[in-house]
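Morning, everyone. I have one model to show, and I'll keep it short. Let me put it up.

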Amino acid sequence: MSNARGAPILQVEHLTMRFGGLVAVNDLSFTASSGEITALIGPNGAGKTTVFNCITGFYKPTEGRIALRHGGDGIWEELPALTDSSRRSIKRGDDALFLLERLPDFLVTQKARVARTFQNIRLFQGMTVLENLLIAQHNPLMLASGFTFLGLLGLPVYRSAEAEAIERARFWLEKIRLIDRADDPAGDLPYGDQRRLEIARAMCTSPVLLCLDEPAAGLNPRESAELNVLLNSIRQDFPVSILLIEHDMSVVMEISDHIVVLDYGTKISDGSPEEIRNDQRVIAAYLGVEDEDVEKVEAEVGL
């Protein structure tokens with residue numbers, strides 16, 4: 001089962017999230033395409049993390065629909081029928097369609113195969129680097145173990161699953177150049193290595209959508225460049241699409257195929273990096289001025 005590159009994989013339609021009288025996200029619609037990197041950007045407080053929390057099941061949106069597909073593009077034909085029913089998902093052969101706003105967070109990860117990293121690193125600091133990647137594969141290992149019974153007996157089905165999990169973990173440790181630190185506590189790694197390990201841990205869940213919340217936060221220029229190489233490699237070599245929140249515009253503009261810009265919870269722009277770079281509304285939002293004052297402020301600061 002694979003998603004055709006460039007075809008829609010995620011559709012966010014009229015997403016609204018209210019907290020009492022506060023509208024954190026206001027009628028947001030956008031599409032992320034398969035095999036591409038879609039960036040969600042905007043000033044602090046624009047509602048970006050709230051959107052992530054809705055997509056990944058941490059929040060249940062006040063209004064709107066979040067549809068994710070696996071496999072062929074034709075499965076979108078089932079969306080109206082799925083929306084009109086109370087069902088959470090539908091399968092047709094090897095293809096599947098999920099309404100994420102109806103799924104609890106653990107099923108967004110387990111069934112819909114959406115993986116996420118956070119702005120603040122959430123590794124298991126006391127566990128080894130290798131153990132962090134193995135624990136990401138907890139669900140298939142528990143299933144293969146018959147929920148511990150088969151594992152205790154050491155039956156072949158569990159030994160095979162365990163060997164496969166270790167091999168996948170070793171693959172990602174090689175890819176992020178941490179194989180020599182496999183037995184070290186994750187908390188002993190330098191900050192940039194911890195960031196890459198967190199992404200590798202997410203990839204060990206075999207996601208179709210990888211959501212990265214400020215992966216370049218706190219990185220120096222060299223580490224940001226290494227992050228760009230890793231994310232480009234993931235996009236090119238694996239059947240996964242990437243949705244990221246990022247404030248580092250050098251990262252966003254270099255690796256993104258598509259950018260969505262939020263300001264105070266409302267979408268103000270949506271397009272290619274070149275289109276976003278030249279959009280006066282985006283410049284105004286980042287500079288904190290009205291649209292008509294952009295040229296004046298740009299001249300004053302030498303832009």
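Is Val114 buried or exposed? First, a caution: this is a predicted model. Now the answer. Val114 counts as buried, because its relative accessibility is 3%, and the cut-off for buried is under 20%.

Where does Val114 sit? In strand β7, which spans residues 114-116. Look at what surrounds Val114. Set aside the neighbours within four places in sequence. Val114 then contacts Thr56, Leu68, Leu100, Val108, Thr109, Leu209 and Cys211. Take Leu209 from that list. Leu209 is 95 residues away from Val114 along the chain. Yet their C-alpha atoms are separated by 4.9 Å.

Now follow another contact of Val114, Leu68. Leu68 stands opposite Phe98 in β6. That brings us to the pairing of β4, residues 63-70, with β6, residues 95-99. These two strands run antiparallel, and four bridges join them.

Step back to the sheet. It is open, with five strands. The order reads β2-β1-β4-β6-β5, and the pairing is antiparallel. At the edges are β2, residues 22-33, and β5, residues 89-92. Each of those pairs on one side only. On average, neighbouring strands in this sheet are turned by 15° against each other, ignoring direction.

To recap: Val114 is buried, and its contacts include Leu68 and Leu209. That's it from me.

Key. Residues numbered from 1 in each chain as written. Predicted model: local features only at pLDDT ≥ 70, side-chain atom pairs only at ≥ 80, totals over all residues. Heavy atoms only, no water. Buried < 20%, exposed > 50% of the residue type's maximum accessible area, 1.4 Å probe, protein only. Contact = heavy atoms within 4.5 Å. Pairing = 2+ DSSP bridges. Axes fitted to C-alpha atoms, helices over the stretch in contact; angles between N-to-C directions.
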